[in-house]
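Could you walk me through how the two chains shown here meet?

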Amino acid sequence: MENFAANALAALANPIQREALHKATTTFAERRLGVLLRAPNWQDWRTHARAIKDHTLEHLDYYLQQFANNAAARGCVVHWAATGDDANRIVTEITKAANTTAAVKSKSMTTEEIHLNEALAKAGVDAVETDLGEWIIQLAGEVPFHIVVPAIHKTRAQIGQLLHEKIGVAKDASAAELTAAARVVLREKFAAAGIGISGGNFLIAETGSLLILENEGNARLCTSLPRVHVAVVGIEKVIPRNADLDVFLKLLPRSGTGQDLTTYQSLLTGPKTAASHEGPAEIHIVLLDNGRTRMLREPKTRQALACIRCGACLNACPVYQQVGGHAYGSVYPGPIGAVITPQLVSLKRGKQLPFASTLCGACREVCPVKIDIPELLLHLRGEVLVGNQAAKAAAPDRLQALGFSIWAFFMRGKRRYAFATTLARCCDRMFSPLLRHLPPLSGWHKGRELPRLAKRSFRAQWRKQG
Amino acid sequence: MSDREKILAAVREALGTKEGAPVPQPPPPVTISLPLQSTELVAHFAQRVVAVGGRVQRLAAITDLLGAVLATLHAANAHSVVLSDAPIVQAMRQPLTENGITCLRSDAELNHLLAADAGITTAQYGIAETGTLILDAGRERSRLASLLPPLHLCLLPESQLLSTLGEALRALPHPLPYAITFVSGPSRTADIELQLVVGVHGPKDLCVLLIESQKQH
Ligand code: SF4
């Protein structure tokens, strides 16, 4: 559930997780800065990439049709899913038609969003995550902690313990040994799978192609070994031309992991067409709406659809850096999660998330497609408040009104002001420790330190100096 | 209404447009990175491949190829290799076999491919800017040979080196083949405590054999 406040407190009380989180976010942020030093045109790239995304989103119907027609012409089966349930049903039917219960999956936030694995499990299909981090998360029965490195909150010892219980590796195995053990287990899964399931980073309208970025090689395996490949992709992922990949491939890996390029990019255009080809005989592409057309309505919320899921805003966010991904209680964590979760899920269930930010602007600064996340968060806060207004109108806040009139009274004259500050200083000295345990200060105090007033006021000090 | 029409209608409604409304040209592609000097290509490519964890060996002539391949296989203690169907790779089948190496075709049974020690392919292009190999599955059965075994030996004539990613995207064939793979270094993960581990799902060793162009004839 999206109960940010409670989750955040729990996260703050977990020193191991905080240590891991600190290491991950600072490492990625530093690496990103390192590669940016070698990218003098960075700002131009961002502007160009955003212009392409804006253009495509403004004419999304045109580009979606172009993509769907070209992909179909190359032999892909294109499906359209209005909701997550629709997409899950479509993928389940494809596995049935493929007559298989063994699926391998490469990392995809979109399938996390629609809870595809649960839907497949209900239909008796065993969908195995094959990205190392995702696989660990799946074995642990958790959800990703970070959109790029899902298991980053777990220590090697914890992973060792988990894999010891699940596949019998030595508890004190090194990262290399754990990885090697995973390779062996997952190779068997790849060899047995009847279907490979992936997401997709970009859909190219002009060619009907799907582009997948990765480092491990599991997406390559998922899309070349099984007889059937299904890609579940959000409708906002389409871009007009092949040439547009240039700028996005410049921005995405540098922003996400601080690499010049990820190890592999697979550019897939249709199933194999000759017996001598290596690859799936069937490719299905499921185009998912699930709330995206709602975000398209206003130019302000539309910009969140430009997101390329690089994860840079997570690493840069002072709130994420402290509380991590699970506190958001949603599939998409961090600043971008706080923006899209309330819109994809529903404002009601995700209403705490727009407030889980200091609006410091670090996310806007790093976003490779220049999404103004703070602006969006403010917009969503407004929406939440409008929703709350009906309740407010019934019970106006009398206490707050009284507080403000008292404040106004004391601010209206020099003497009154001096009296008030002296009084405050006395109260501070005598009651401060007590006050912080009483409402309303006690609530405010949970996450903050109430500063003590100086012994002597500025005015008093000034008089003495003069 | 079909699901396709429903979603397209929802998109149009959200955007306030009608079907068939004119679409202006997308923003013109810009030159994202400047090309390198042709004299720098080889050095830059080699440096980038090494930077991402691969190896590069430069061969003065094609006649050096067999010796280099054998030396690399021996050093890696590799006894079985998957060969792609590129003519230059297939030409090595007999001499490799004579040297005690088991050669598999890339369409051999999967469990044989999974057990092989090395794979040999060519690449259609190399990108100097990023140290990237471009494998065109339409031209060569290289998808599995470059992916399944722990060692990937990739042959690339220097004449096929391009400067930038943008140039490479323009050089891709039209229409696109069913699969193109861009490869920069060995398979890697940092999912456990951010420690870099190579060879997680693909090769842990990528060795590029660059064949000098002027001496090919
Ligand atoms: S909002 Fe921007 S920085 Fe955050 S994940 Fe999306 S593209 Fe990256």
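Here are some questions and answers about the model.

This is a predicted model, in which local features need pLDDT of at least 70, side-chain atom pairs count only at pLDDT 80 or more, and totals for chains, interfaces and linings use all residues. Residues are numbered from 1 along each chain as its sequence is written, chains are lettered from A and ligands numbered from 1 in the order in which they are written, and side-chain values use heavy atoms, with hydrogens and water left out.

Q: How many residues of chain B are in contact with chain A?
A: Contact means heavy atoms within 4.5 Å. On the chain A side, 96 residues take part, and on the chain B side the number is 73.

Q: About how much area do chain B and chain A bury between them?
A: Buried area is the accessible area (1.4 Å probe) that two parts lose on being put together, summed over both. Of this area, 59% is on carbon and sulfur atoms, and the total is about 7000 Å². In chain B, the residues that lose the most area to chain A, together 13% of what that side buries, are B:Ile32, B:Tyr178 and B:His201. The value asked for, again, is about 7000 Å².

Q: How many salt bridges are counted between chain B and chain A?
A: A salt bridge is a side-chain nitrogen of Lys or Arg within 4 Å of a carboxyl oxygen of Asp or Glu. A:Lys250 and B:Glu129 form a salt bridge, with their closest N and O atoms 3.4 Å apart. Between the two chains the count is five.

Q: Which element gives the most residues to the side of chain B that touches chain A?
A: Helices (H or I, at least four residues) and strands (E, at least two) are DSSP runs, numbered from the N terminus. Several elements of chain B each supply at least two residues to this side, among them helix H6 (110–115), strand S6 (132–136) and helix H1 (3–15). With 10 residues, the one that gives the most is H1(B).

Q: How many bridges join strand S9 of chain A and S9(B)?
A: Two strands pair if DSSP finds at least two bridges between them. A:Leu267 has B:Ile180 as its bridge partner, and A:Leu268 stands opposite B:Ala179. The strands, residues 264–268 in chain A and S9(B), pair in the antiparallel sense, and the number of bridges is five.

Q: Which strand of chain B pairs with S9(B) over four bridges?
A: B:Leu135 stands opposite B:Thr181 in S9(B). The pairing is antiparallel, and the partner strand is S6(B).

Q: Why does B:His152 count as buried?
A: This residue is found in strand S7 (residues 151–157) of chain B. Beyond its neighbours within four places in sequence, B:His152 is in contact with residues including B:Leu135, B:Pro203 and B:Cys207. B:His152 counts as buried because its relative accessibility is 1%.

Q: Which residue does a cis peptide bond join to B:His174?
A: Most peptide bonds are trans. Here omega is about -10°, and the residue joined to B:His174 is B:Pro175.

Terms used: Buried < 20%, exposed > 50% of the residue type's maximum accessible area, 1.4 Å probe, protein only.
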